[in-house]
Amino acid sequence: MHSESSEGTDSSAGLVDPNDAVPLDEIDRLIIAELTRDGRISVSAVAQNVHISRAHAYARIGRLTSSGVLSRFTAVIDPVKAGLKSSAYVTLKVSQHAWRELREQLRAIPQVEHIALVGGDFDVILLVRAHDNQGLRRVVFDQLQSMPGVLDTQTHLIFEDLDAR
């Protein structure tokens, strides 16, 4: 039986895999660190802190954005101060072919802050934030457990959030 190999298709042949890592140098890493600390920092301040010209900072940030290294600029919210007093990691076991349909349904739930497909004892882990335990209960029991393809859920309450940075 003859099978074709894709070993000959690489970036040198003009084909670039969008999932490939983008090469970053020390300046790129410093810019990323500045933007991670404060997403509202001006380009002039980034340039000053990294010791490059403003034009160079604009060009670097543009390249990092167009290559997908910087995918979005966002605010980090304190969930408790925002009234989201109940948080949990919810793990899901799903049927083998359910992921493609489930991910769009999961994205549509406003209380789901993060979704990850993982390996191990469960298939998906969600970060769910709600105003109170009743809201959290509604998400888990009424929405997640009723989705076709969800075989099992486990809820792990978060007692305290710590910022890792």
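Q: Let's start with helix α1: what should its 12 residues span, and how far apart are its end C-alpha atoms?
A: This is a predicted model. Helix α1 covers residues 26–37, and at 1.5 Å a residue it should span 16 Å. Its end C-alpha atoms are 17 Å apart, which agrees.

Q: Which residues in α1 are buried?
A: In α1, the buried ones are D28, I31, E34 and L35.

Q: And where do those buried residues fall, seen down the axis of α1?
A: They fall within an arc of 125°, so they line one face of the helix. An α-helix has 3.6 residues a turn, so residues three or four places apart point the same way.

Q: What covers the buried residues of α1?
A: The cover includes α2 (43–50) and α3 (54–66).

Q: Which exposed residues are on the face turned away?
A: That face of α1 carries E26 and R37, both exposed.

Q: An aspartate on the list, then. What is the relative accessible area of D28?
A: D28 has a relative accessible area of 1%, and buried means under 20%, so D28 counts as buried.

Q: What is D28 in contact with?
A: Leaving aside neighbours within four places in sequence, D28 is in contact with P23, R60, R63 and L64.

Q: What does D25 do at the start of α1?
A: A side-chain oxygen of D25 comes to within 3.2 Å of the backbone nitrogen of I27 there.

Q: Switching topic: how many residues are in the largest nonpolar core?
A: That core has 20 residues, and L92, L106, L126 and L144 have the most contacts inside it. The elements giving it two or more residues are β1 (86–94), α4 (99–107), β3 (124–130) and α5 (133–144).

Q: What does L126 touch?
A: Not counting residues up to four places away in sequence, L126 touches A88, Y89, V90, L92, L106, V112, H114, I115 and L144.

Q: Which residues does the second core include?
A: The second core is separate and has 12 residues, among them I41, V46, A57 and I61.

Q: Zooming out, how many helices and strands are there?
A: The protein chain has 5 helices and 4 strands. Along the sequence they follow the pattern α-α-α-β-α-β-β-α-β.

Q: How much of the chain do buried residues make up?
A: They make up 28% of its 165 residues. The accessible surface of the chain is about 12100 Å², and 50% of that belongs to carbon and sulfur atoms.

Methods:
Residues are numbered from 1 along each chain as its sequence is written. This is a predicted model: local features need pLDDT of at least 70, side-chain atom pairs count only at pLDDT 80 or more; totals for chains, interfaces and linings use all residues. Side-chain values use heavy atoms; hydrogens and water are left out. A nonpolar core is a set of buried Ala, Val, Leu, Ile, Met, Phe, Trp, Tyr and Cys residues joined through side-chain atoms within 4.5 Å. Buried means under 20% relative accessible area, exposed over 50%, partly exposed in between (1.4 Å probe, protein chains only). Contact means heavy atoms within 4.5 Å. The expected span of a helix is 1.5 Å times one less than its number of residues. The arc is that of the directions from the helix axis to the C-beta atoms. A polar contact is a pair of N or O atoms within 3.5 Å; within protein, one must be able to donate a hydrogen and the other to accept it, and residues adjacent in sequence count only if both atoms are side-chain atoms. Accessible areas come from the Shrake-Rupley method with a 1.4 Å probe; for residues, only the protein chains shown count as cover.
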